[in-house]
Amino acid sequence: MRAQILILAVTLLTTATVSADAIRQTKAPHYDAFRQLDVDLPTPNVYRTASGAPGTQYWQQRADHQIRVTLNEENRSISASQTIQYTNNSPDTLRYIWIQLDQNRFAEGSIARTTATTVANENGDVLTYGTLAAEQRHADVAHGFSIDGVTDGRGRDLRHTIVDTMMRIDLPQPLRNGQRTTFSIDWSFNIIEEAIIGGRGGYDHFPENDTYIYFLAQWFPKLAAYTDYGGWKHQQFLGRGEFTQEFGNYTVEITVPADHIVSATGELQNESAVLTAEQRRRLNAARSSDEPMFIVTPEEAIENEQEGTADTKTWVFKADNVRDFAWASSRKFIWDAMIHRQEGGEFDEVLAMSFYPQEAEPMWSQYSTHSVVHTLEVYSRFSFPYPYPTAQSVNTWEGGGMEYPMITFNGRRPEPFEPDEDDPDAASKPDRTYSRAAKHGLIGVIIHEIGHIYFPMTVNTDERQWTWMDEGVNSFLQYVAELEWEENFHNHRENYSILEHIAEYMTSENQVPIMTQSDSILQFGPNGYTKPAASFVVLRETVLGRELFDFAFREYAQRWKFKRPTPSDLFRTLEDASGVDLDWFWRGWYYSTDHVDIAVTGMREYKISTADPEIELDLKRQERADEIPETLAQIRNREEGRVTRVERFPELNDFYNENDEYTITNADRNAYTTLLEGLEDWERAALKRAAVDDDFVYFVDFQNIGGLVSPLPLLITDVDGNEEFMMIPAEIWRLNSLAATKLLIRDKQIASIRLDPRRETADADFSNNSYPGRVEKSRLELFKEERENRDMMSDMLRTLREAKGGPDASSAVPLERSGN
């Protein structure tokens, strides 16, 4: 097909109403969806450049830790002493430093607890069993840090002030650029039961044999970040806005019961002191194995569970250049490991490991460590080689997931298998079984949490401020990795991927823009995870294409590896490296609550007139005959044999009966000659070419109903059934963000146009995406109509069951209004 002529005609909607922008527009209801974002982003400087890269004077602080911690299993608490060496790399002089006390979120009187709210449902006020149990546990056990001492390097007390989840330490002397200070903190706290309190770390109790898994996160006082863009990042920890932290080296000594196995950030330094000779042999073998190998076997884990001991062992771990440290300890742990090989990084080999109890089998030994390695393979391709020597997946509380450098806490366990009593093969059936959803849920949560070791544990974004920068980016890469695990992962085809799911959220009323501080987000999951992930899918697959996106995203990751980017750094880097103006994209997806809903509202077909009356008048005569039918009266008069008066009296015929309005005249010929004489040579050539080509001309109307501008992927089908795919960039909306008309010239007649046939733009309504309209097809289920026959006895039994906490009242406590 010859080169197509594409001409853009934009139709202004003078009656439309749009939201106001920062620019005052009073002469028309015009919203500039392509207004450059630089007017709203922070001004580039020596720390952060206009290209999105770290500046020549970029800096960040450093905090090195030495910690000795002891797990007291009898009362489920820990106590510790730690020494911190803090380096001031900023150009500022610091007179005090701020410490994060994350455990204080659970303390009596904390902002997080005292500002917790509840909501009512259609039945009125609701008190859930979970809320009641948490309040009861808080009444029974004191939570939060007990700070036993804060001293300088010489053991002298340092003045300190606790402000909820933060502690200010006043320095005896100002800390100038390039200087270091060393101080120590002694502390302890009671470990929360995660299933009751909730909070990313704690312990999980197995009442069947009274055993525990301890998983410690947000467990030690750590430096608050001091940044070039916000100074001290000491916003209080309320639960959702996670962490903004500094990199440093850690040496941590963990003392636990002697029959425990410990998993932790970093590398184990004293294998001979805590592992048997056989376990050390297996560990060495796993360091060259391409398949998971047991370090602690299931049989050994069962034996550990049954024993119990008052003796202790101290496990020593070292971790370099990490922003946090976490660990898990239990006598229940099975431990397996395999090697991941990579090129181009600091570590050619990474030891991938999993720690889990018997209750996690058979899923965990089958899938966990393989999921770890799969994540490293996919994420490294999009960013950089994995930067640490180990990557670990630990089964902790059921259902959740959490990430830390080199270690992740992941839920998901199979369900106990309950065979039929009459089943003769019951004894041979497995103890536990799992569904497809449980399998994919486990693999998905491990991919997600291991992926977080890249974002934000290495690309060190500010989670307290911007949830989406780690959760959204990571959820996007998780989506990519899941589809590379297996093609029908989570049944993505049937569910039509992440984009169809997010459209429902984007059309909802109760939402805020993505660029909202973490603790103020409404609909936290869709806003912080799914919508930004969906935006990156659209950006990669539709707006930029894979080649441009993958290069630009990898550039962002490598620029900000072990550094702290902000949203402006990401936005600017992706534009800088792709060469594409994306300001409209960030403004629409991240700074607004608009959604994608583009409609094809009309299509008109034309032929280009030659203007030659010798040709055009005959064509018009034929078009009229083809397009305007005879009247019903004419047809029936002829069928009845009626004869017109002119037929009966031929002398009534004159010039007008012999010549219709399409008969050519000299005036028509003269007008054509005058037209040709008034044209330029190139205009006459174009008119002559059009007469030869005899093309079809179409004007196609699009309306932006949702407000979010979008590219227009079109499937154009001609009358012979041939299909043509055409991508119109989002710039079609640059002069009018609400309506546009596209001119298409084709040598074959168009039968239909379908917008977004591959469902790649997150369009919320596909019913208006085709012209002519398509019949929506589905299947209808029949239901048998039943007459109402109220069973009062069943109603009474159901009420009694709910009052006793039966299956109809699993989430709410029955309430009775008091006399007051």
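Modeller: Gladly! Strand β6 pairs with strand β9 (residues 180-190) in the antiparallel sense, over 6 bridges. Within this pairing, G149 faces D186 of β9. What you see is a predicted model, where local features need pLDDT of at least 70 and side-chain atom pairs count only at pLDDT 80 or more, while totals for chains, interfaces and linings use all residues. Residues are numbered from 1 along each chain as its sequence is written, and side-chain values use heavy atoms, with hydrogens and water left out.

Helices (H or I, at least four residues) and strands (E, at least two) are DSSP runs, numbered from the N terminus. Two strands pair if DSSP finds at least two bridges between them.

Now widen the view. β6 and β9 belong to an open sheet of 7 strands, ordered β6-β9-β3-β2-β15-β19-β17, with mixed pairing. Its edge strands, β6 (146-152) and β17 (267-268), each pair on one side only. Strands of a sheet pair through backbone hydrogen bonds, either parallel or antiparallel.

There is also an open sheet of 4 strands, in the order β10-β11-β20-β16, and its pairing is antiparallel. Here β10 (202-206) and β16 (261-264) are the edges, each pairing on one side only. β10 and β11 (residues 211-216) are joined antiparallel by 5 bridges, and Y203 has Y214 of β11 as its bridge partner. Look at F206 too: K332 lies over the face of this ring, 4.1 Å from the ring centre. A charge counts as over a ring if NZ of Lys or CZ of Arg is within 6 Å of the ring centre and within 35 degrees of the ring normal. R758 likewise lies over the face of F725, at 4.0 Å from the ring centre.

G401 stands opposite N410 of β25. The hairpin has 2 residues between its strands, and M406 takes a positive phi near 70° there. Further on, R412 has a positive phi of about 80° although it is not a glycine; R412 sits in the loop between β25 and β26 (415-416). Most residues other than glycine have a negative phi, and most peptide bonds are trans.

A557 counts as buried because its relative accessible area is 0%; buried means under 20%, exposed over 50% and partly exposed in between (1.4 Å probe, protein chains only). Neighbours within four places in sequence aside, A557 is in contact with F382, S383, F384, F455 and V459, where contact means heavy atoms within 4.5 Å. P456 is in the loop between α8 (436-451) and α9. A cis bond also runs from E361 to P362, with omega near 10°, and P362 lies in the loop between β22 (349-356) and α7.
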